[in-house]
Amino acid sequence: MVRGARQPQQPRSRLAPRLTGTVEKPPRKRKSRTEFALKEIMSSGGAEDDIPQGERKTVTDFCYLLDKSKQLFNGLRDLPQYGQKQWQSYFGRTFDVYTKLWKFQQQHRQVLDNRYGLKRWQIGEIASKIGQLYYHYYLRTSETSYLNEAFSFYSAIRQRSYYSQVNKEDRPELVVKKLRYYARFIVVCLLLNKMDVVKDLVKELSDEIEDYTHRFNTEDQVEWNLVLQEVAAFIEADPVMVLNDDNTIVITSNRLAETGAPLLEQGMIVGQLSLADALIIGNCNNQVKFSELTVDMFRMLQALEREPMNLASQMNKPGMQESADKPTRRENPHKYLLYKPTFSQLYTFLAASFKELPANSVLLIYLSATGVFPTGRSDSEGPYDFGGVLTNSNRDIINGDAIHKRNQSHKEMHCLHPGDLYPFTRKPLFIIVDSSNSVAYKNFTNLFGQPLVCLLSPTAYPKALQACVEAYGKSVKNIFEKSTAILPSY
């Protein structure tokens, strides 16, 4: 999700990249890059009349494209965080400008080197922005093939050493750009399960951070070291590695392969309902994470995706060549990834998904969150009397894994109670609650008669299965047994 200008901000590390790659705040208005570049030409190339008109036009056109690309890229922060249609035209314009900019600098590299003073790190910055755009597009569409495109551009930056000269310049902000590039590249590689590349990148990032903090004696050393600790813990926790018959390590993937789709059982009917939208919510205390991606969220989002296509052929031409054979687009469920949302944020995204859910479609809600327990007995047994799961707030967490309401006469306000989800049962719903208090949802009521499955974490799974079988028949048992395979194991 790209944060909107008027949307409440979620807390995050100041240094680690947002999961969405949200752009940085644009600088204050200043003289155009074109005017500055032409002055540079005058000072380095002699009198203005000595500069060939064609070269002047080349620099002018390049500066126009560069300014326009930055303006469009910075505008991404103003796009709505939710909704599946409003952003497409803006993304299309941004892609078009960056495509023209990339081709233009390739075609006129010599003139730009001589007259503009184009540096390799500036080329790397353009490539990095294109990689971020592809990553944005993956998050917006859930099409995993766009991850391959992002990987191609990020990989080319590394292979061609576009940022290699940054450390020789006495400008710490350029080094930070390089460090952020590494962090973004690591996120993409994690999503593609390229663990060998991730380990190499982490080592390089560690060396870069050590050099950066030594040279500039910065105050953000602790935060960058925290980034390293987060990714190291993430690598250790996931993905699962197994040994095959010849004792070589195999990285397992939760994604659906083209040949791995389960066969339909006899009597099952196809096409009645399809999974169209999903909210993946992570709000556990002290959970392994990197950037805004917890291990639980990481596993679940992959379980809702197909494997990327054409990765081998794209790696041969890393990111800079147009592919004649575009992979066919396959529909993955659209996803919202919410890391530690507040109740209002969660409800806003849930309402948007509910509103845009197509006919004959199912909305999936995955809740991986700390349990909220009631502190006393209640005379009633309603949907707000057994607690629920935690939503984010600014106050400190009490008693580690569980948070208790301070006044027994009031319900916990920073909590998603089962009753909060009842209005959304007007459409088909699939709820997965992975929490220490998932049992609060065991009596989830189907008020409107729409298809509904409420799957609880393994500790409460047998009781939930028994209740569901009694209510909906034995056919639903297969859904539960297949679904529990994607739940995180501890």
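Visitor: Where is His 417 found?

Guide: In this predicted model, the stretch to look at runs between strand S11, residues 415–416, and strand S12, residues 429–434. His 417 is found in the loop between strand S11 and strand S12.

Visitor: Is His 417 buried or exposed?

Guide: Buried means under 20% relative accessible area, and the relative accessibility of His 417 is 5%. Because that value falls under the cut-off, His 417 counts as buried.

Visitor: Why is the pair of Tyr 82 and Phe 349 edge-to-face?

Guide: A pair of aromatic rings is described by the distance of the centres and the angle of the planes. Here the ring centres of Tyr 82 and Phe 349 are 5.5 Å apart, and planes over 60 degrees apart count as edge-to-face. The pair is therefore edge-to-face, since its planes stand at 85 degrees.

Visitor: How many residues apart are Tyr 82 and Phe 349?

Guide: Tyr 82 is in the loop between helix H2 and helix H3, while Phe 349 belongs to helix H12. Tyr 82 is partly exposed at 25% relative accessible area, whereas Phe 349 is buried at 2%. The pair links distant parts of the chain, with a separation of 267 residues.

Methods. Residues numbered from 1 in each chain as written. Predicted model: local features only at pLDDT ≥ 70, side-chain atom pairs only at ≥ 80, totals over all residues. Heavy atoms only, no water. Helix = DSSP H or I, 4+ residues; strand = E, 2+ residues; numbered from the N terminus. Buried < 20%, exposed > 50% of the residue type's maximum accessible area, 1.4 Å probe, protein only. Phe/Tyr/Trp six-rings, centres within 6.5 Å; stacked < 30°, edge-to-face > 60°.
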